[in-house]
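Subject: Structure handover

Hello,

Here is the structure for you to look through. Please open it first, then read the notes below.

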Amino acid sequence: MALSLREYRARIKSTESMKKITRAMELIAASRIHKAQQRVAAARPYSEQITAVIRNLASAGAGGGHPLLTARESVRNVGFVVICADRGLAGGYNSGVLRQAERALKEEVANGREYTLILVGKKARDYFRFRGYTIAASFTGFSDNPSYEDARAVGEEVRRRFEEGEVDRVDIVYTQFLSVDTQRVLTKQFMPIETEAVTEAPTGPQADYEYEPEPDAILDSLLPRYAEARLFASLLDAAASEHAARQRAMKSATDNAEELIRVLSRQMNRARQESITTEILEIVGGAEALAQAASGETDYLIDRTFAADLLPNN
């Protein structure tokens with residue numbers, strides 16, 4: 001059904017308004033990517049240093065039998081920490097994480113295990129709630145700008161459930177930020193902490209430390225901080241990935257809006273030209289009719305034979 005010129009103008013105007021919004025969101029996301037990258041880089045030295053300290057403690061004989069380092073003999077309940085965004089308009093960012101998390105969860109259920117869901121982000125909470133899954137805990141409101149306190153709150157919830165035996169293994173599902181154009185969804189074991197990460201022998205010359213208090217006491221204090229640092233790094237990666245995905249999605253939306261404006265403008269111009277051509281033909285036809293009437297050569301609108309039949313007989 002053909003649209004009128006007014007309808008074309010209204011559609012073009014609304015599309016231009018939408019283009020301004022998507023363009024603004026694209027620029028905002030681009031600026032936040034840079035800040036998120038800086039935060040990822042700033043958090044890396046702390047994570048590396050605490051790992052080095054734990055390795056030194058492990059080399060001194062600490063860590064044997066620590067709950068966070070000890071794998072359970074049988075895994076009956078698997079916990080999943082799923083990190084998503086609080087908002088949409090980020091392309092396939094949320095759906096990629098949710099699909100992988102749900103796939104892993106179904107595999108564990110198929111193997112006869114139970115599950116515990118600890119969710120970060122409104123999109124994860126709403127997704128699993130809508131599908132009828134049991135949610136143990138959810139955290140929202142900080143997906144695009146997480147703080148260390150947020151990581152600590154999530155980490156304490158996970159650690160409490162693991163140490164109390166409610167869950168026997170915890171996996172974390174999130175999006176790793178590699179570059180502005182490349183991110184990938186990962187599933188990593190979060191608890192128990194993989195011993196290879198903290199007990200690997202340090203390389204190069206090492207100092208001979210004297211520990212006060214004992215190495216085991218120091219390790220008891222540092223391992224929870226180590227788990228929080230890993231979780232914080234995952235939250236920062238996820239935040240940077242969210243901004244990158246939103247920038248790409250908004251750029252694509254802006255490009256689509258520009259293309260739609262071009263198409264609508266062509267269609268409107270074609271409709272306007274057809275309207276002008278029709279009006280010109282009507283004017284020319286009217287002028288010719290007037291010219292014929294002035295010269296007495298105008299054809300009657302009523303057929304002359306039919307008109308003669310209507311006249312009375314002489």
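Start with the largest pocket: H1, E4, E5 and H6 each supply at least two residues of its lining. Helices (H or I, at least four residues) and strands (E, at least two) are DSSP runs, numbered from the N terminus. A pocket is an open set of points on a 1 Å grid over the protein atoms alone, where a 1.4 Å probe fits, with protein on both sides within 12 Å along at least five of seven lines; lining residues have an atom within 4 Å of a point.

This is a predicted model: local features need pLDDT of at least 70, side-chain atom pairs count only at pLDDT 80 or more, and totals for chains, interfaces and linings use all residues. Residues are numbered from 1 along each chain as its sequence is written, and side-chain values use heavy atoms, leaving out hydrogens and water.

Which element gives the most to the pocket lining? H6 does, with nine residues. Of the 24 lining residues, Ser47, Lys188, Arg230, Ala233 and Ser234 are the closest to the centre.

Now Phe190. Leaving aside neighbours within four places in sequence, Phe190 is in contact (heavy atoms within 4.5 Å) with Val158, Val170, Asp171, Ile172, Ala227, Arg230 and Leu231.

Last, Ala71. Ala71 lies in the loop between helix H1 (5-59) and strand E1 (77-83). Ala71 and Asp168 are 97 residues apart in sequence, yet 7.8 Å apart in space, C-alpha to C-alpha.

Best wishes
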